[in-house]
Amino acid sequence: MTDNTPQHSLTLLGLGDMGTALARTWLAAGHRLTVWNRTPAKAGPLAAEGAAAAPSAAAAVAANRLVVVCLLDDASVGAALDGIDLTGKDLVNLTTGTPAEARARAAWAEERGARYLDGGIMATPTMIGVPEAGGYVFHSGSRALFDAHRAVLEVPAGARFVGENPGHAALHDVALLSAMWGMFAGISQAYALTEGEDIAPKDLAPLLSEWLGAMGFFVGNAAERLTSRDFTSGVVSNLAMQVAGSGTMLRTAQEQGVSTELISPYVDLLRRRLAADPAAHGGEDTTGAILLLKR
């Protein structure tokens, strides 16, 4: 911290692994921090590092205008803030939740006189306070709150505002995590197929990384097609070909004694898209199948 770094005061409710990591980065940057946790003992180490440990959630909220919440779930947020005066407070909720929970919590906070900002943390605790790790936090809700406190919010990790709809931070969070889980599922299938063969995992690993990197073009391509609704222009490997080739993947898994439960749902989705209208959809790429996921 340099001499001209502005110091700010804020409150943090919740000292789990993530909350503790957040607290330490704010303290290291010289900010005045008040902390509270349902289990008071967790505040002890941070108090030794300069934080003010509040005896109650109400006292912690009263200490500062900016109140950051990082608890277990939305129910925990409601329980911790129940009956507390939030008039004039700027509430930043970094608790993991759903878009609907975020929108409801925003309305709840505004009814109590607070500005509200929801957050989705795209980082593990070990990435907090480590800029080169690439972690960041999605924020949505009050733009005025975000602008007023952005310098503080960016201390633990990058801050990305994704709109005034309070649910959009959580939605971005889960969208990215869903893509990550899908990738993990495919990687798991690849390793399962080669398990027990004379193919070392360490030899397959660089091939997987290279291949997945090469397939990254699908992200931007799908965005363009979903926007234009043009699923046929410039298609190299069309839906009919993909569906025809899917049988080989399924049979190979069966031959290798590997379950198809990770890939069968996607294959079924492609087959449904093709079966709906082979003439219309056969020449498409696979992006059109995304439309079947919306109920």
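Reply: The model has an open sheet of eight strands in the order 3-2-1-4-5-6-7-8, with mixed pairing. It is a predicted model, in which local features need pLDDT of at least 70 and side-chain atom pairs count only at pLDDT 80 or more, while totals for chains, interfaces and linings use all residues. Residues are numbered from 1 along each chain as its sequence is written, and side-chain values use heavy atoms, with hydrogens and water left out.

Me: What makes strand 3 and strand 8 the edge strands?

Reply: Strand 3 (52-53) and strand 8 each pair on one side only. Two strands pair if DSSP finds at least two bridges between them. The strands themselves (E, at least two residues) and the helices (H or I, at least four) are DSSP runs, numbered from the N terminus.

Me: How do you know that strand 1 and strand 4 pair, and in which sense?

Reply: Strand 1 (residues 9-13) and strand 4 (residues 66-69) share three bridges, and the pairing is parallel. The cut-off is at least two bridges, so three bridges qualify. Leu-12 stands opposite Val-68 in strand 4. Strand 4 also pairs with strand 5 in the parallel sense, over four bridges, and Val-69 has Asn-93 of strand 5 as its bridge partner.

Me: Why is strand 7 called mostly covered?

Reply: Six of its six residues are buried, and buried means under 20% relative accessible area (exposed is over 50%, partly exposed in between; 1.4 Å probe, protein chains only). Tyr-136, Phe-138 and Ser-140 point one way from strand 7, and Val-137, His-139 and Gly-141 the other way.

Me: Why is the pair of Tyr-136 and Phe-138 called edge-to-face?

Reply: A search of the whole structure finds two aromatic pairs. In the pair of Tyr-136 and Phe-138, the ring centres are 5.1 Å apart and the planes are at 80°. Rings of Phe, Tyr and Trp (its six-membered ring) pair if their centres lie within 6.5 Å; planes under 30 degrees apart count as stacked, over 60 as edge-to-face and the rest as tilted. The angle of 80° therefore makes this pair edge-to-face.

Me: Why is the pair of Phe-146 and Phe-161 called tilted?

Reply: Its ring centres are 5.2 Å apart and its planes are at 35°, so the pair is tilted. Phe-146 lies in helix 6 (residues 143-153) and Phe-161 in strand 8 (residues 158-161), so the pair ties together parts that are 15 residues apart in sequence.

Me: Why does Phe-146 count as buried, and why does Ala-58 count as partly exposed?

Reply: Phe-146 has 0% relative accessibility and therefore counts as buried. Ala-58 has 39%, so it counts as partly exposed. Ala-58 lies in helix 3 (residues 57-63).

Me: What makes Arg-160 a charge over a ring?

Reply: Arg-160 lies over the face of Tyr-136, at 3.6 Å from the ring centre. The rule asks for NZ of Lys or CZ of Arg within 6 Å of the ring centre and within 35 degrees of the ring normal. Likewise, the charged end of Arg-105 sits over the ring of Trp-108, 4.6 Å from its centre.

Me: What makes helix 1 mostly covered?

Reply: Nine of its twelve residues are buried, among them Met-18, Leu-22 and Trp-26.
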